[in-house]
Amino acid sequence: MKRVTSINGLDLKDRLVAVNRVTKVTKGGRTFSLAAMVVVGDENGIVGYGLGKASEVASAISKGTESAKKNLIQVPVHKGTIPHEVSARYSGASVMLKPASEGTGVVAGGAMRAVLESVGITDCLAKSQGSSNPHNLVKATVAALSQLRSPLDVAQTRGISVEKVFKG
């Protein structure tokens with residue numbers, strides 16, 4: 001997993017994944033607040049997620065966006081898809097991602113689709129198993145994407161030259 005430290009020069013687009021209304025009951029009555037899960041990405045291999053809590057929707061979304069910009073990771077995207085199959089788990093949510101041929105599109109549910117499209121993946125098969133909680137699904141998807149290794153990284157680990165990777 002490569003963390004992105006500087007956001008200078010990045011054109012980050014944010015996507016709202018979920019908004020939850022949370023109620024706190026006190027002796028004075030009920031207090032309503034909102035929690036917004038936001039995914040940001042440059043659609044070119046960089047993605048992050050954040051959670052913002054506030055009493056209004058707009059401020060919760062902006063807090064979530066600021067939080068997401070602090071948690072950016074670099075993901076290897078190979079010809080519009082992922083380099084290899086990967087799966088991950090976060091709490092009750094379990095996700096599996098498979099590379100797909102060109103023209104397949106992103107076959108994924110709502111929360112996973114937002115993450116994959118923010119990264120810039122155009123062709124991918126995804127399956128969510130277990131919990132459908134959008135918060136856990138986003139975290140599991142980002143965990144799966146952080147496990148990905150580019151073909152160059154694998155070649156260097158195995159001691160294969162860069163020329164052989166691009167020839168074969």
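Strands are DSSP runs of E spanning at least two residues, and helices are runs of H or I of at least four, both numbered from the N terminus. The structure is a predicted model, in which local features require pLDDT of at least 70 and side-chain atom pairs pLDDT 80 or more, while totals for chains, interfaces and linings use all residues. Residues are numbered from 1 along each chain as its sequence is written, and side-chain values use heavy atoms, with hydrogens and water left out.

Val19 lies in strand β2 (residues 13-26). Strands count as paired if DSSP finds at least two bridges between them; β2 pairs with β3 (residues 29-41) in the antiparallel sense over 13 bridges. A hairpin of two residues joins β2 to β3, and Lys24 stands opposite Thr31 in β3.

Salt bridges (a side-chain nitrogen of Lys or Arg within 4 Å of a carboxyl oxygen of Asp or Glu) number five by this rule. Asp11 forms one with Lys13, with the closest N and O atoms 3.6 Å apart. Relative accessibility is classed as buried under 20%, exposed over 50% and partly exposed in between (1.4 Å probe, protein chains only); Asp11 is therefore exposed at 54%, whereas Lys13 is partly exposed at 35%. Glu43 forms a salt bridge with Arg15, the closest N and O atoms being 3.5 Å apart. This pair links distant parts of the chain, with Glu43 in the loop between β3 and β4 (46-54) and Arg15 in strand β2, 28 residues apart.

In helix α2 (residues 110-119), Glu117 and Arg113 lie four residues apart, about one turn of the helix. Salt bridges that share partners join Asp11, Lys13, Arg15, Glu43, Arg113 and Glu117 into one network.
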